[in-house]
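Subject: Structure handover

Hello,

Here is the structure I promised to pass on. Please open it first, then read my notes below.

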Amino acid sequence: MRGLSFIVTVFSLWLGLIILGLSVAQASQCYCHVDPYSKQYAENGVVNHWWGGKRIWSCEYTCTTPRDGEVQIRGHHQKTYFGNDTGLWGICDGLNYEARFNAYINDYAYTLINERGLDPIKSTSPDLVKFAKEHCE
């Protein structure tokens with residue numbers, strides 16, 4: 001029974017290392033930071049319906065690449081949601097927001113906490129993913 005337990009433990013460690021290796025292999029060699037105040041909604045980029053809505057927006061990113069140094073990119077985003085707009089639709093990738101209670105409006109309001117940056121290959125913006133595939137691998 002101890003032998004079986006040992007084999008299961010070794011197999012689990014081996015599998016964990018393989019999974020970790022695969023996730024590291026998918027990371028690009030670039031890193032991007034977003035200007036938190038660069039968000040722009042597209043013309044007709046805010047559409048509300050009784051069932052939910054749609055947001056189309058873009059943000060300005062500064063990406064560091066091994067070959068080109070710093071590059072400015074405008075990343076476009078699109079999101080359709082069902083239900084109420086919670087205030088988190090239309091957020092640029094790489095930003096941290098926190099819900100804080102606002103007594104004046106008697107509700108929670110999302111407040112920008114920090115800009116954490118992101119790996120462009122993992123972005124929700126097709127522009128950043130395309131950039132990462134062309135410049136970061």
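Predicted model: local features only at pLDDT ≥ 70, side-chain atom pairs only at ≥ 80, totals over all residues.

Overall layout

The chain has two helices and six strands. Read from the N terminus, the order is α-β-β-β-β-β-β-α. Of the 137 residues, 27% are buried. The chain exposes about 9,600 Å², and carbon and sulfur atoms supply 57% of that area. Take the contacts between residues at least 6 apart in sequence: 52% of them join residues at least 24 apart.

Disulfides

How many disulfides does the structure hold? There are three. Counting bonded cysteines along the chain, the pattern is 1-6, 2-4, 3-5.

Start with Cys-30 and Cys-136. A disulfide joins them, with 1.8 Å from S to S. Cys-30 is in the loop between helix 1 (2-25) and strand 1 (31-34), and Cys-136 is in the segment after helix 2 (126-135), so this bond ties together parts that lie 106 residues apart in sequence. The link is left-handed, at -100° about the S-S bond. Both cysteines are buried.

Next come Cys-32 and Cys-63. Their sulfur atoms are 1.9 Å apart, and they form a disulfide. Cys-32 belongs to strand 1 and Cys-63 to strand 3 (residues 52-65), so the bond connects parts 31 residues apart in sequence. Is this disulfide left-handed or right-handed? The torsion about its S-S bond is about 105°, so the link of Cys-32 and Cys-63 is right-handed. Cys-32 has a relative accessible area of 0% and is buried. Cys-63 is also at 0% and counts as buried.

Then there are Cys-59 and Cys-92. They form a disulfide with sulfur atoms 1.9 Å apart. This pair links distant parts of the chain, 33 residues apart: Cys-59 is in strand 3, and Cys-92 is in the loop between strand 4 (69-82) and strand 5 (95-102). With -75° about the S-S bond, the link is left-handed. Both Cys-59 and Cys-92 are buried.

Core

The largest nonpolar core has 18 residues. Those with the most contacts inside it are Val-34, Cys-59, Tyr-61, Cys-63, Cys-92, Leu-128 and Phe-131. Strand 1, strand 3 and helix 2 are the elements that give two or more residues to this core.

Have a look at Tyr-61 on your screen. Leaving aside neighbours within four places in sequence, Tyr-61 is in contact with residues including His-33, Val-34, Ile-73, His-77, Cys-92, Asp-93 and Leu-128.

Back to Ser-125. Is Ser-125 buried or exposed? Its relative accessible area is 0%, and buried means under 20%, so Ser-125 is buried. Beyond its neighbours within four places in sequence, Ser-125 is in contact with Gly-75, His-76, His-77 and Asp-93.

Strands 5 and 6

Strand 5 and strand 6 run antiparallel and are joined by eight bridges. They form a hairpin with four residues between the strands. Asn-106, in the turn, has a positive phi of about 55°. Glu-98 stands opposite Thr-111 in strand 6.

Salt bridges

Side chains of opposite charge can pair when their charged atoms come close. A search of the whole structure finds two salt bridges.

Which residue meets Glu-60 in a salt bridge? The partner is Arg-74, at 3.3 Å from N to O. The two sit in distant parts of the chain, 14 residues apart, with Glu-60 in strand 3 and Arg-74 in strand 4. Glu-60 is partly exposed, at 22% relative accessible area. Arg-74 is partly exposed too, at 27%.

In the other salt bridge, the side chains of Glu-98 and Arg-100 meet at 2.9 Å, N to O. Glu-98 has a relative accessible area of 37% and is partly exposed. Arg-100, at 40%, is partly exposed.

Best wishes

Notes: Residues numbered from 1 in each chain as written. Heavy atoms only, no water. Disulfide = S-S within 2.5 Å. Buried < 20%, exposed > 50% of the residue type's maximum accessible area, 1.4 Å probe, protein only. Core = buried A, V, L, I, M, F, W, Y, C linked by side-chain atoms within 4.5 Å. Contact = heavy atoms within 4.5 Å. Areas by Shrake-Rupley, 256 points an atom, 1.4 Å probe, with all protein chains shown as cover. Pairing = 2+ DSSP bridges. Salt bridge = Lys/Arg side-chain N within 4 Å of Asp/Glu carboxyl O.
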